[in-house]
Amino acid sequence: MKNRRILGTTLIIIMIILIGLSIAMIASVSFPRGLKEYNNHYYFLTRQIVWIIIGTAFFMFTAFFKYTKYKKIRGLLYFSGLGLLGAVLLFGREVNGAQRWIKIGSLSIQPSEFAKLILIIYLAGLMDFLKKKKKKSIEILFTLLLPIMAYAFLILSQKAFSSTVQIVVIGLTMVFVSGVKLNQFLFVVFSLGTLGVSAILAMPYRVKRILGHLGDNDEVYQLKQSLIAIGSGRLIGKFYGNGFQKYFYLPEIHTDYIFSGYAEETGFIGGILLISLYMVLLGIILITIIKIKDMYAKYLLIGILSMFSLQIIGNLAVVIGLVPSTGIPLPILSYGGSTTIVTMAALGIVYNIIKSLYKQEIERE
């Protein structure tokens, strides 16, 4: 009972705080763009609130849907994901050189975001099945790699390189804990790394972006503005609503660069508090992985932990210039429907497993 109360309650509290911060920051940093492009101060805020409501519905569903039932529908989910990714190539909308979105009415969804969680659910079920069948290491390795590479190929075809890297890293993290031999795993990592470098060199715009990141030209314009925003926040920030970068100096300040806008208005202290919230969130998932006995639940949580860790670390690495600019949203905080829904759904699965942890403790007593 103690674990569920502490872990589950803390998870809900962290979610509510992050949602509140998301609404507050999007209201602050997006209104100039909303007014200029849509003649509506609250255009982005209104849409984000809609996404949060939908995301909350997904959270409620996954929080009360027994996680073990995903084993039976993992194949259906996986092929649905394949269908969505294929539909993007046929009917997708191109934005900033990448064809990642499908337009449904007035809304757009990004199937590659949903693919991350679907792949986690599919691989967890497959890993559980292969473990019970006591398959050999090499059989497990190739059986898990095939569905990962199918998703990666379709997402790479959308010119969404960063999403492809995320899918592959999440998949490899799960392969690593599946019990395959280390030398076989390292060979796969080396081979995929070589393919990744080849994929970068094959596209001049990717090479240009990396070289631009190392130089001093327009390629690093967003990074410069991001660092100005973070640096000008100093210790306690310019206070809510007083940031300057939102006035068209930092174009994506409400999406991938929302941390920069947040740090400008809340300063170093606000930045540390936000990072601490994410650390607590990841800590809750890690503690649940350690305590839960069910291996299938562990596999699910490891995949979700790697997805969130990758997004948080990747986003912060972009905004401070450790890696070239690329589209990685900050979980819950960034504007965006697909990322909000997937994040909330994943947290619902975590909450459902925490409830199972409670039952596990009752049975032990």
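Which residues does Gln-245 touch, not counting residues up to four places away in sequence?

**Figure 1. Surroundings of Gln-245 in the predicted model.** Gln-245 touches Gln-225, Ile-228, Ala-229, Leu-250, Ile-253 and Glu-264, with residues up to four places away in sequence not counted; contact means heavy atoms within 4.5 Å. Gln-245 is found in the loop between helix H9 (221-232) and helix H10 (258-291). Helices (H or I, at least four residues) and strands (E, at least two) are DSSP runs, numbered from the N terminus. Gln-245 counts as buried because its relative accessibility is 6%; buried means under 20% relative accessible area, exposed over 50%, and partly exposed in between (1.4 Å probe, protein chains only). In this predicted model, local features need pLDDT of at least 70 and side-chain atom pairs count only at pLDDT 80 or more, while totals for chains, interfaces and linings use all residues. Residues are numbered from 1 along each chain as its sequence is written, and side-chain values use heavy atoms, with hydrogens and water left out.

**Figure 2. The second largest pocket.** The second largest pocket holds about 480 Å³ of space. A pocket is, on a 1 Å grid over the protein atoms alone, an open set of points where a 1.4 Å probe fits, with protein on both sides within 12 Å along at least five of seven lines; lining residues have an atom within 4 Å of a point. Grid points are joined across faces, edges and corners, and the volume is the space filled by probe spheres set on the points. The lining has 20 residues, and Phe-58, Leu-77, Phe-114, Leu-117 and Ile-118 lie nearest the centre. Two or more lining residues come from each of helix H2 (43-64), helix H3 (70-91), helix H4 (111-132) and helix H12 (337-364). H3 gives the most, with six residues. By class, the lining divides into 18 nonpolar, two polar and no charged residues; Ala, Val, Leu, Ile, Met, Phe, Trp, Tyr, Cys and Pro count as nonpolar, Asp, Glu, Lys and Arg as charged, and the others, Gly among them, as polar.

**Figure 3. The largest nonpolar core around Leu-300.** A nonpolar core is a set of buried Ala, Val, Leu, Ile, Met, Phe, Trp, Tyr and Cys residues joined through side-chain atoms within 4.5 Å. The largest one has 103 residues, and those with the most contacts inside it are Leu-274, Leu-300 and Ile-304. Helix H11 (residues 295-319) supplies the largest share of this core, 14 residues. Beyond four places in sequence, Leu-300 touches Tyr-67, Ile-120, Ile-121, Ala-124, Ile-349 and Ile-353.

Figure 4. Strand E1 (residues 93-95) pairs with strand E2 (residues 98-104) in the antiparallel sense over three bridges; two strands pair if DSSP finds at least two bridges between them. Val-95 stands opposite Ala-98 in E2. E2 and strand E3 (residues 107-109) run antiparallel and are joined by three bridges, with Lys-103 opposite Ser-108 in E3. E2 and E3 form a hairpin with two residues between them, and Gly-105 in the turn has a positive phi of about 65°.

Figure 5. Asn-39 is not a glycine but has a positive phi of about 55°. Asn-39 lies in the loop between helix H1 (2-38) and H2, and is exposed, with a relative accessible area of 65%. Ile-332 has a positive phi near 70° and is placed in the loop between H11 and H12. Ile-332 is buried, with a relative accessible area of 6%. Ile-332 and Ile-19 are 313 residues apart in sequence and 6.3 Å apart in space, C-alpha to C-alpha. Neighbours within four places in sequence aside, Ile-332 is in contact with Leu-18, Ile-19, Ser-22, Gln-48, Thr-343 and Leu-347.
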